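Open the structure in your viewer and follow the stops below, selecting each part as it is named.

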Amino acid sequence: METKMREISEKVRSNIRLSREDGIYLYNCDDLLALGKLAKFKKIQVSGKNVFFNVNRHINLTNICISKCKFCAFGLDENDERAYLMSPQDAFEWGAAAVNYGITEFHIVSAMHPHMKLDYYVEVIKRLHEAFPDIHIQAFTAAEIFYFAQKNKLSIRRVLEILREAGMGSIPGGGAEIFNNEIRRLLCPRKATTEEWLEVHRIAHEMGIKTNCTMLYGHVESIEDRVDHMLKLRELQDEFPGFQAFIPLPFLPENTRMSNIKRTSAIDDLKTIAVSRLMLDNIAHIKAFWIMLELPIAQLALYFGADDIDGTIVEEKIMHAAGVATEKGISKEEMIRLIKDSGYIPTERDTVYNIIGTY
Ligand code: V47
């Protein structure tokens, strides 16, 4: 083992925080197995032999979006023949249809719709919450919440208060992309900036609302950008804790305006999981989002620091628009088998990581 790797390993084993330089070194080192072993050590320290999953339904209210992010294959103009917008009744029926599968979460993500007012989103949440008060509603990315605030001339805090009153329980991690405003200007100029995204999560955490965080990688960003992204999350979490899980999202190029870029390699995906586990020492869970990583890599990620494999999702749309080859959902039994086969304890959780059962 190289001296630097040994040094970093010592730091991790003595609970000493890793530096930016350490993060960059780990990304560039080619001792993949040493990196994995270290990240797995940290994972076991934080969550033992448990690997978490939940049973949820994704509800994507609309694909009509003014944001036009270059990496997105999902958003469309309103006059596109493939465009759709669910009415609150449609959304209710879509959610209700999954209740018999034993779901514990509705995961609702929409888009930056040109016309819909906050009342519409409130109505969607209210109806689901009133009918199914025990099912947690995780809804709207910080980018959407920032947009709702602008469009409705309300403060971020007020938007969060209104959504929480309606039944929103927590916020998913999307819209973070990469925290480099120059790249954001190129890829998603109409979306919340780095500071605006972080501000939404800061306010949510202050209000006691749990959130997740993501990073979109494998497009035009550098290794330094990735490590800096993690450091910004770590800094916010130190000051205003509230992030539950970090989910690295590899860029899927198909059907996007950046389809010339090649999909990340398995090595890059595993390194990103491992480096995030080691750098984000104050975020408990690292999620291998199997829908994007595909099941074999998600399974391997459990040896590289991941302790969560997301949900048995009944139909996912955003990643499938970008050409992902995985099934749109897998059964709970399959999820359990996959985790067991990796030598871990399948642990069903609710959205805020209360344990529902182990198998
Ligand atoms: O913000 C869009 C990403 C995100 C592509 O919080 C793409 O538990 C790759 O954030 N290739 C939305 N990624 C999804 C998301 C998420 C997913 C699962 C769990 C959680 C959670 C959050 O998807 C967007 C964007 O970063 N995205 N297009 C693409 N072509």
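Begin by selecting β5 and β6, two strands that run parallel and are joined by two bridges; helices (H or I, at least four residues) and strands (E, at least two) are DSSP runs, numbered from the N terminus. Across this pair, S170 stands opposite K210 in β6. What you see is a predicted model, in which local features need pLDDT of at least 70 and side-chain atom pairs count only at pLDDT 80 or more, while totals for chains, interfaces and linings use all residues. Residues are numbered from 1 along each chain as its sequence is written, and side-chain values use heavy atoms, with hydrogens and water left out.

Strand β3 (residues 105-109) pairs with strand β4 (residues 136-139) in the parallel sense, over four bridges.

Now widen the selection to the whole sheet, an open one of seven strands with parallel pairing, in the order β2-β3-β4-β5-β6-β7-β8; two strands pair if DSSP finds at least two bridges between them. At its edges are β2 (56-60) and β8 (285-286), each of which pairs on one side only.

Which residues are closest to the ligand? Select F71, G173, G175, E177 and K287, the closest of the 25 residues that surround the ligand, where a residue is near a molecule or strand if one of its heavy atoms lies within 4 Å of it. This shell divides into 14 nonpolar, eight polar and three charged residues, and β6 (210-217), β7 (243-250) and α14 (318-321) each supply at least two of its members.

Stay with the ligand and look at its oxygen atoms: a polar side-chain atom of K287 lies 2.6 Å from one oxygen atom of the ligand, and a backbone N or O atom of G173 lies 2.7 Å from an oxygen atom of the ligand. Of the 620 Å² of accessible area that the ligand has on its own (Shrake-Rupley method, 1.4 Å probe), the protein covers 96%.

Select its lining, which includes N54, E105, H107, K287 and R349; lining residues have an atom within 4 Å of a point.

Terms used. Polar contact = N/O pair within 3.5 Å; in protein donor to acceptor, adjacent residues only side chain to side chain. Nonpolar A, V, L, I, M, F, W, Y, C, P; charged D, E, K, R; others polar. 1 Å grid on protein atoms, 1.4 Å probe; cavity = no way out; pocket = protein on both sides within 12 Å on 5 of 7 lines; lining within 4 Å.
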